Amino acid sequence: MKNLVEVKNIKKNYGKNEAVKGISFNIKENEILGLLGPNGSGKTTTIGMLLGLLKPTSGEILINGQKLEGNRIEILEQINFISPYIELPKKLTVKQNLTVYGKLYKINNINEKIEFLSEKLRLGGLLNNITGELSSGQKNRVSLAKALINEPKVLLLDEPTASLDPEVGDFVRSFLEEYKKEKKISILLASHNMNEVTRLCKSILMMKDGIIIDKGNPEELISKHGRKNLEEVFLKLSRSKNELN
Amino acid sequence: MYGLFLRHFYLITRSFPRILDLVYWPTIQITLWGFISNFFATHTTYYNNAVGVILTCAILYDFLFRTSIGFNMLFLEEIWSRNFTNLFIAPMKIGEILTSLVATALIRALIGLIPAVLLTSPLFGISILDLGIFLFFLFLSLYLFGITLGILVSAGLLRYGPSFENIAWSTMFLLAPFGCIYYPIEILPEVFQKIAYLLPLVYIFEEARNILINQTVDIQNIYNAFMWNGVYFVLSIALFYYSFHVAKKKGTLINMGE
């Protein structure tokens, strides 16, 4: 499997504050990579750099073999993002929002795409509803539809199931597993839900203070640190001094 | 009670745009109305058709105001709805974002302008169309300046984040005294006149008054207005690109809306 995302020694400084101190990782095709770490560890900054919203102080990011620097627009056509901290315009209907983003991503068959996604994400009865009047679970599924409107090769997910009830959370996780398998996309999943990460990710990066302090698959990490589950590993690593550089 | 006071006190003292906002509203209002009062007290016979000239200038100024605020509103809407990040991760060039905002702002301004123009005739017996073909050039010039101000404020929003919003509302009022909307430039003190001559507004409103009062056209005024508009428009575009570059360095784009 080829690497769709290649991150090479990226650093990000805000003045004297070093938010990310030179991290490297790859995400293969058809892989979900978990990005874990306590608040302030540099996860959001890393995602911001992958989205081209932040310029790395140094280092290089390649998406599908193309350098992000200098090819921002071409790369943005191939990636998408969801986060509970960003929303779609509240006054527009679900269909209007999806149409707007379909146009922004230059999708030709917008109506077909909306129909396909609304069926997959159980949005059929919601297309003419006002987005701001939807429940959290419904809004989350609409955001996911927006994030898939361009059939991204790389999907960045920042706490995609935060504030969702267990049923909707499970639906979203199942959908992501199936979608990844079907489309062979790369997913970067930043989450504080350890069960979700254990279920979805074959490999994990643990970040703290701007560096990667450990990595591996969930079982390896649990066994290596002699803990019962990933949550205990997270707590151990979050509270310990940095182990790996 | 003290807690609530502190909540707002901390907010104000941590934001320069908010402090500026507190100070300059009263200053601008006093300055603008001071010049207007001074003009009418000393030039009682200047306008033969005072209502017509003042209303025409008011409509022109409102068009400028609507264009500028309309542009800013489009940008602010994305921040308020927390859609800003979605927009900036879409594969759109900065030029494309600006072009779509410029076109949408024009439509918004025209929607606001048309009823105002139509109302002046039945209510006051005045038609802005008295300005003739040159009305088009005056509107075009005002539209360009309104868009330029909108782009400058949006550049500030990109660079400084939502706290720059207050500036968005007040840019037009800051320029109003120098724009010589309701009085000729001679009413301003000499130092202010020098500043006013650097703005396209003074040429536009001088020309509107010239056409309505003297029934003549001074092409030089229209030329000067377009020349200054060109200079500021190019500067505003450059500043917007620079602000986007700085925002990517400082991280404003991912924190927008908080």
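A: A:Asp214 in S10(A) is the residue opposite A:Met206. Five bridges hold S9(A) and S10(A) together, in the antiparallel sense. Strands pair here if DSSP finds at least two bridges between them. Strands themselves are DSSP runs of E, at least two residues long; helices are runs of H or I, at least four; both are numbered from the N terminus. The hairpin of S9(A) and S10(A) has two residues between the strands, and in it A:Asp209 takes a positive phi near 50°.

A word on the source. This is a predicted model: local features need pLDDT of at least 70, side-chain atom pairs count only at pLDDT 80 or more, and totals for chains, interfaces and linings use all residues. Residues are numbered from 1 along each chain as its sequence is written, while chains are lettered from A and ligands numbered from 1 in the order in which they are written.

Now the other partner of S9(A). Strand S3 (residues 31–36) of chain A runs parallel to strand S9 (residues 203–208) of chain A, joined by four bridges. A:Leu33 has its bridge partner in S9(A), namely A:Ser203. Contact means C-beta atoms, placed from the backbone, within 7 Å. Axes are lines fitted to C-alpha atoms, for helices over the stretch in contact; angles run from 0 to 180 degrees between N-to-C directions.

Helix H3 (residues 94–104) and helix H4 (residues 110–120) of chain A meet at an angle of about 125°, their axes 10 Å apart. H3(A) is therefore oblique to H4(A). Under 35 degrees counts as roughly parallel, over 145 as roughly antiparallel, 65 to 115 as roughly perpendicular and the rest as oblique. The crossing is right-handed: the near helix is turned clockwise from the far one by less than a right angle. H3(A) contributes A:Lys95, A:Leu98, A:Thr99 and A:Gly102; H4(A) contributes A:Ile110, A:Lys113 and A:Ile114. These contact residues divide into three nonpolar, two polar and two charged. Ala, Val, Leu, Ile, Met, Phe, Trp, Tyr, Cys and Pro count as nonpolar, Asp, Glu, Lys and Arg as charged, and the others, Gly among them, as polar.

Zoom out to the chain. Chain A has nine helices and ten strands. Its C-alpha trace spans about 50 × 40 × 35 Å along the principal axes. The radius of gyration is 18 Å, which agrees with the value near 18 Å for a compact globule of 245 residues. That radius is taken over C-alpha atoms, and the globule rule is 2.2 Å times the number of residues to the power 0.38.

Last, the neighbouring chain. 19 residues of chain A are in contact with 17 residues of chain B. Helix H4 (84–88), helix H10 (219–250) and helix H11 (252–255) of chain B each supply at least two residues of the chain B side. That side divides into seven nonpolar, five polar and five charged residues.

Terms used. Contact = placed C-beta atoms within 7 Å.
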